[in-house]
Amino acid sequence: MSQAIIDTLKNAVADPGNKDKMKGINAVYTFVLNNPDKTFTLDLKKGEFVEGKGGKPDVTLTMKDADFVALMTGKANGQQMFMSGKIKFKGNMGAVMKLQQ
């Protein structure tokens, strides 16, 4: 299931219609998913999707694959997941908040 969401993110980053939105966020996010293990980077500064680790991220978010799916499908609240320890982040808190856009 997470692969379908990752593919959607990849397509959204490649879509020229999203260029202004990405410019407004202007951050690099690395997602580290566990069970199964996957890592990918959304570079919203350059408008790139990278399988694995890309350039220096503004934020690295670490969570279980199932929690990523729940978060991205709206079945879970990111703030509650963070407070309960299901999501860990390293980096710029402001960039994390922009990701909700």
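Good morning. Because the model is predicted, local features are reported at pLDDT of at least 70 and side-chain atom pairs at pLDDT 80 or more, whereas totals for chains, interfaces and linings use all residues. Residues are numbered from 1 along each chain as its sequence is written, and side-chain values use heavy atoms, with hydrogens and water left out.

I begin with the overall fold. The protein contains 5 helices and 5 strands; these are DSSP runs, numbered from the N terminus, with helices being H or I of at least four residues and strands being E of at least two. Along the sequence, their order is α-α-β-β-β-β-α-α-β-α. The radius of gyration is 13 Å, close to the 13 Å that the globule rule gives for 101 residues, so the protein is as compact as a globular protein of that length. Here the radius is taken over C-alpha atoms, and the rule is 2.2 Å times the number of residues to the power 0.38. Along the principal axes, the C-alpha atoms fill a box of roughly 35 × 25 × 25 Å.

How much of the protein is buried? Of its 101 residues, 31% fall in that class, where buried means under 20% relative accessible area, exposed over 50%, and partly exposed in between, with a 1.4 Å probe and protein chains only. Among contacts with a separation of 6 or more, 60% come from residues 24 or more positions apart; a contact means heavy atoms within 4.5 Å.

The protein carries 15 positive and 10 negative charges, whose mean positions are 6 Å apart. Lys and Arg count as positive and Asp and Glu as negative, leaving out His and the chain ends.

Next, the aromatic residues. There are 5 aromatic pairs, defined as rings of Phe, Tyr and Trp (its six-membered ring) with centres within 6.5 Å; planes under 30 degrees apart are stacked, over 60 edge-to-face, and the rest tilted. Phe31 and Phe40 have ring centres 4.9 Å apart and planes at 10 degrees, so this pair is stacked. Both residues are buried. In the pair Phe82 and Phe89, the centres are 5.5 Å apart and the planes stand at 50 degrees, so this pair is tilted. Phe82 is partly exposed at 35% relative accessible area, and Phe89 is also partly exposed, at 25%. Phe31 and Phe40 belong to one aromatic cluster with Phe49 and Phe68.

I now come to the backbone. Which peptide bond is cis? The bond from Asn35 to Pro36 is, with omega near 0 degrees. Pro36 lies in the loop between strand 1 (28–34) and strand 2 (38–43), and Asn35 is found in that loop as well. Asn35 has a positive phi, near 65 degrees, although it is not glycine, and it is exposed at 58% relative accessibility. Asn26 likewise has a positive phi, near 50 degrees. This residue sits in the loop between helix 2 (19–25) and strand 1 and is partly exposed at 42%.

Finally, Met93 is placed in helix 5 (residues 93–98) and is partly exposed at 42% relative accessibility. Met93 and Val59 are 34 residues apart in sequence, and their C-alpha atoms are 7.8 Å apart in space. Thank you for your attention.

Notes. The place of a charge is taken as NZ of Lys, CZ of Arg, CG of Asp or CD of Glu.
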